[in-house]
Amino acid sequence: MKKTGIFYGSTTGTTEDVAGRIAAALGIDSSDVHSASELSLTLIGDYDVLILGTSTWGDGELQDEWYDALDMFRDADLSGKTVALFGCGDSCSYPDTFCDAMGIIHDAVCDRCTVVGSVPADGYSYSSSKAVRDGRFVGLAIDEMNESDRTDERIAAWTEELKTILAE
Ligand SMILES: Cc1cc2nc3c(=O)[nH]c(=O)nc-3n(C[C@H](O)[C@H](O)[C@H](O)COP(=O)(O)O)c2cc1C
């Protein structure tokens, strides 16, 4: 299995919780699950596959810890690396910026690595999202505020697809 690390930015704990559930589904050790505030160029270099998670705050903005972390990613050598993204948002209260931050991270890294794990957007209720391209979210979108009953099935389907990529 490719060496895989999860990095999450979380203000109230939702994205951290989802990161743990994704790690459990993929069999990733908790020592490889990090807050985005722990990011360093060395840590990025340690992993073949990076799973990056963020919630969206403000009006479609990054979670706080991702501002510095994304600057580090902009400086990092991502050649040969695979990135998968997940995001937590609230599609009822913020339908016009649902999970936007996932799209912001995507745009900062997608030219320099292989991004995997897009998800069809038709299973979600929202008006607009920077994280949607050609009818697909660039990663796994989670709405724990309104659709927590769907989170387990969404994580299961997504991680099942990722397992194939991690095993290669
Ligand atoms: C002030 C505020 C602004 C928010 N802005 C957005 C937003 O623009 N888009 C979105 O999808 N969710 C938005 N959310 C919802 C959060 O992203 C959501 O509650 C998320 O699960 C929080 O995850 P965290 O605890 O890991 O930070 C906002 C929530 C608050 C309280």
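This briefing describes the strands, the core, the ligand surroundings and some single residues of one structure. The structure is a predicted model, in which local features need pLDDT of at least 70 and side-chain atom pairs count only at pLDDT 80 or more, while totals for chains, interfaces and linings use all residues. Residues are numbered from 1 along each chain as its sequence is written. Helices (DSSP runs of H or I, at least four residues) and strands (DSSP runs of E, at least two) are numbered from the N terminus.

**Strand β3 and its other partners**

- Strand β3 is mostly covered, since 8 of its 9 residues are buried.
- Strands β3 and β5 pair in the parallel sense over 7 bridges, and L52 stands opposite L85 in β5.
- With β4 the pairing is antiparallel over 2 bridges, and the bridge partner of T56 in β4 is L62.
- The hairpin of β3 and β4 has 3 residues between the strands, and in this hairpin G58 takes a positive phi near 55°.

**A separate open sheet**

- Three strands form an open sheet in the order β7-β9-β8, with antiparallel pairing.
- Strands β7 (119–120) and β8 (132–133) stand at the edges, and because each has a single partner strand, one side of each is left without a neighbour in the sheet.
- Strand β7 pairs with strand β9 (residues 136–137) in the antiparallel sense over 2 bridges, and R136 in β9 is the bridge partner of P120.

**The nonpolar core**

- In soluble globular proteins, nonpolar side chains tend to be buried together.
- The largest nonpolar core in this structure has 46 residues, and those with the most contacts inside it are I6 and A141; such a core is a set of buried Ala, Val, Leu, Ile, Met, Phe, Trp, Tyr and Cys residues joined through C-beta atoms within 7 Å.
- Among the elements that give two or more residues to this core are β1, α1, β3, β5 and β10 (140–142).
- Leaving aside its neighbours within four places in sequence, A141 is in contact with G87, G89, C99, M102, V119, Y124 and A131, where contact means that the C-beta atoms of two residues, placed from the backbone, lie within 7 Å.

**Around the ligand**

- The ligand is surrounded by 23 residues, of which the closest are S10, T12, T15, S55 and G89; a residue is near a molecule if its C-beta atom, placed from the backbone, lies within 6 Å of it.
- The elements that give two or more residues to this shell are α1 (14–26) and β3 (49–57), and β3 gives the most, with 3 residues.
- By class, the shell has 6 nonpolar, 13 polar and 4 charged residues, where Ala, Val, Leu, Ile, Met, Phe, Trp, Tyr, Cys and Pro count as nonpolar, Asp, Glu, Lys and Arg as charged, and the others, Gly among them, as polar.

- Y94 lies in the loop between β5 (82–88) and α4 (100–109), and Y94 counts as buried because 22 other C-beta atoms lie within 10 Å.
- S125 is placed in the loop between β7 and β8, and S125 counts as exposed because it has 11 C-beta neighbours inside 10 Å.
- D59 lies in the loop between β3 and β4 (61–62), and D59 counts as exposed because it has 9 C-beta neighbours inside 10 Å.

Terms used. Two strands pair if DSSP finds at least two bridges between them. A residue is buried if 20 or more other C-beta atoms lie within 10 Å of its own, exposed if 12 or fewer, and partly exposed in between; C-beta atoms are placed from the backbone.
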